[in-house]
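Have the structure open while you read.

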Amino acid sequence: MSGAPVATPPDRAGEAAGNPIFEARNVSLRFGGVRALTEVSFHINKGELFSIIGPNGAGKTSMVNCISGRYRPTEGRVFFKGKDITDMTPNHRASLGIGRTFQNLALFGHMTVLDNIMVGRHHLLKNNFLTGALYWFTGARQEELAHRREVEEIIDFLEIQHVRKATAGTLSYGLRKRVELARAVALKPDLILLDEPMAGMNLEEKEDMARYIVDLNEEWGMTVVMIEHDMGVVMDISHRVMVLDFGRKIAEGSPEEVLADPRVRTAYLGEEDETDDVQQEVA
Amino acid sequence: MAGTTLIPSGDFKTSYGADTTVFPTATSRNAAILGVAVLLAAPLVFDNYWLNLLIQIGYLGIAALGLNILVGFTGQISIGHAAFFGFGAFASAWLSNSFAIPVALAIPLAGVMTTAVGLIFGIPAARLKGLYLAIATLAAQYILQDFFARAGWFTGGVAGTIAEPFSLFGYDFDTDASYFYVVLAYVVVMFLLATNLMRTRDGRALVAVRDHYLSAEIMGINLTKYRTMSFGISAFYAGIGGALYAHYLQFVSVEGFTILFSIQFLGMIIIGGLGSIMGSLMGTAFMVLLPETMQALTDSLSGTVIDRALNLKDSVAFLREMAIGVVIILFLVFEPDGLAHRWKQIKAYWKLYPFSH
Ligand SMILES: Nc1ncnc2c1ncn2[C@@H]1O[C@H](COP(=O)(O)OP(=O)(O)OP(=O)(O)O)[C@@H](O)[C@H]1O
Ligand SMILES: [Mg+2]
């Protein structure tokens with residue numbers, strides 16, 4: 001249904017091995033005495049759907065913040081497309097192709113849905129305060145309309161046509177989550193970071209969201225990093241999973257490998273029966 | 001701030017171009033064109049008293065729009081706007097007096113000079129927040145006021161400076177009726193520029209910085225750049241407004257650009273509606289007309305029992321300030337979205353009439 005430009009052919013996890021788009025080397029993050037992350041190293045392959053899981057407070061959001069630039073690691077380096085981005089500002093990283101959504105909604109509440117998504121085009125648009133103010137005479141109008149057309153494709157894809165003129169702050173929770181995804185997609189990121197995209201959603205909304213995420217990965221060619229508590233979804237759609245616990249990486253691998261790992265069972269999944277539930281769900 | 005606009009259903013846009021026009025409906029565009037056409041005839045209809053008020057609304061409205069871009073759209077604060085307005089006035093007079101630059105050219109140049117000054121103060125201020133930012137802009141207010149008093153070469157010192165009348169192709173616009181057209185042209189252009197700005201990349205970035213600066217940064221927006229830019233744009237509008245004021249009065253004195261005047265600018269945009277382009281003009285009209293209304297009211301009461309009992313004549317100046325203060329507080333409490341928002345509601349009401357309830 002999406003007339004999405006396919007940037008790169010969809011890579012399956014295995015095929016893409018050895019082609020990392022992102023790499024973290026010994027990343028540690030401290031807030032005073034709190035150790036949010038301790039010597040975490042991992043990589044994300046190009047074209048992969050990579051999930052980060054772990055109990056509450058394990059450091060998942062902190063890791064994503066280190067990728068998007070919201071936090072700078074206390075120690076260690078992060079690399080994107082082979083470039084050391086540790087010292088880069090978040091806005092610089094966005095223009096390199098890293099987009100994200102937030103665990104706690106962070107839309108521009110007073111702007112329309114359309115404008116929210118158009119903000120995502122910021123680094124792709126060339127017009128500025130001068131050429132923009134002279135709208136009709138500088139080509140700014142044509143440029144804005146061309147991008148508007150592409151944004152409409154995203155709106156169609158995420159099925160939010162009916163609210164495109166609504167003020168973002170007035171929307172329901174589920175819709176706001178979708179608009180936030182649309183805004184991140186509008187950046188045309190190579191790497192998109194989704195922090196609990198399905199939190200607080202009902203089953204139907206979750207199924208829709210899972211479908212969007214798989215489409216973004218397979219049809220739009222984006223490498224996806226997803227933090228998610230719903231193990232069923234994680235096991236279903238991820239190529240690879242990393243497990244954090246108390247700021248340390250305790251496992252990494254295919255969903256099956258991770259699920260079979262005894263450390264994951266004790267640390268993350270807690271009681272044995274819960275693990276069985278999840279395994280049944282996967283099977 | 002930005003409320004939901006009610007657009008009649010059945011009014012479907014068939015292209016994205018048609019969906020991004022300045023005016024949401026053909027009716028509103030025609031109304032605006034009609035409004036400008038009516039204003040073009042104003043000098044034929046109104047006497048100098050009313051023209052003077054309209055001219056004031058024009059140049060103050062331009063400056064207020066600048067403040068609204070900074071405060072209403074970008075979420076910064078400034079209590080030094082009048083100082084930039086004053087700088088624009090002196091700069092334009094100075095350019096035309098000292099370098100024989102035609103006034104028609106001096107006005108935009110004064111805008112550019114004021115932008116430069118706005119950036120000098122804006123660059124440090126853009127790194128500050130809340131109360132600290134307010135104090136930094138207060139410093140700008142006092143530094144500039146002090147500069148006006150000391151820099152005799154620029155401002156004429158305590159004696160003030162004269163400013164040439166606006167002239168174009170040998171024609172002097174030195175009457176209220178003729179200068180009205182100069183101000184009207186500037187109002188139309190400056191408001192169109194701002195409307196365009198707000199519907200393109202950088203305007204959206206300003207609002208994004210206001211609404212959620214952390215996610216704005218994640219979306220690729222350089223916060224410092226846009227906060228600084230907002231100061232520059234705001235100063236540009238203040239400078240143009242001030243320059244138009246200078247060549248209207250043809251005299252600029254150093255006393256006028258006080259903190260009280262700065263606060264009145266804030267009153268205009270609060271009353272008109274923070275983050276509303278047309279609201280800036282509505283709020284300015286309100287602030288200019290309110291004292292006049294108060295005056296007319298006390299005049300009509302003069303000699304009556306009420307006048308004698310309350311001794312209105314002596315306290316009219318005081319009452320005016322009081323009224324302005326009270327109105328600002330009432331707006332903050334009952335109409336925080338300002339006149340522009342109220343106006344939209346009224347329009348929506350009549351559109352649905354008689355089925356409004
Ligand atoms: N800005 C901060 N200041 C102080 N401590 C912080 C900050 N951000 C995170 N932390 C701490 O770091 C640890 C990891 O937090 P983080 O938000 O990364 O966890 P999480 O895995 O995303 O948890 P959740 O599943 O609840 O979202 C927590 O102990 C948290 O309190
Ligand atoms: Mg989290």
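For the metal site, donors are N, O and S atoms within 2.8 Å of the metal (3.2 Å for Na, K and Ca), and since water is not among the atoms, sites may look incomplete. With that in hand, the magnesium ion (ligand 2) is coordinated by Thr61(A) through OG1 and Gln103(A) through OE1, at 1.9 to 2.1 Å. Thr61(A) sits in helix α2 (residues 60–68) of chain A and Gln103(A) in the loop between β6 (98–100) and α4 (113–119) of chain A, so the pair ties together parts 42 residues apart in sequence. Helices here (H or I, at least four residues) and strands (E, at least two) are DSSP runs, numbered from the N terminus. Thr61(A) is partly exposed at 24% relative accessible area, and Gln103(A) is partly exposed too, at 30%. The scale: buried is under 20%, exposed is over 50%, and partly exposed is in between (1.4 Å probe, protein chains only).

Some housekeeping: residues are numbered from 1 along each chain as its sequence is written, while chains are lettered from A and ligands numbered from 1 in the order in which they are written. The model is predicted, so to speak: local features need pLDDT of at least 70, side-chain atom pairs count only at pLDDT 80 or more, totals for chains, interfaces and linings use all residues, and side-chain values use heavy atoms, with hydrogens and water left out.Now the charged pairs.

| Pair | Closest N and O atoms |
|---|---|
| Arg240(A) and Glu48(A) | 2.5 Å |
| Asp87(A) and Arg77(A) | 3.2 Å |
| Asp230(A) and Lys206(A) | 3.0 Å |

Asp230(A), in the loop between β8 (223–227) and α9 (231–237) of chain A, is 24 residues from Lys206(A) in helix α8 (residues 203–218) of chain A. Salt bridges that share partners also join Glu48(A), Arg240(A), Lys249(A) and Glu252(A) into one network. Within that group, Arg240(A) counts as buried at 14% relative accessibility, and Glu48(A) is buried at 0%. By contrast, Asp87(A) is partly exposed at 49%, as is Arg77(A) at 33%.

What about enclosed space? A cavity is a set of points, on a 1 Å grid over the protein atoms alone, where a 1.4 Å probe fits but cannot get out; lining residues have an atom within 4 Å of a point. There are 4 cavities of 30 Å³ or more. The largest cavity has a volume of about 50 Å³, volume being the space filled by probe spheres set on the points. Helix α7 (residues 173–186) of chain A gives the most to its lining, with 3 residues.

Terms used: On a 1 Å grid over the protein atoms alone, a cavity is a set of points where a 1.4 Å probe fits but cannot get out, and a pocket is an open set with protein on both sides within 12 Å along at least five of seven lines; lining residues have an atom within 4 Å of a point. A salt bridge is a side-chain nitrogen of Lys or Arg within 4 Å of a carboxyl oxygen of Asp or Glu.
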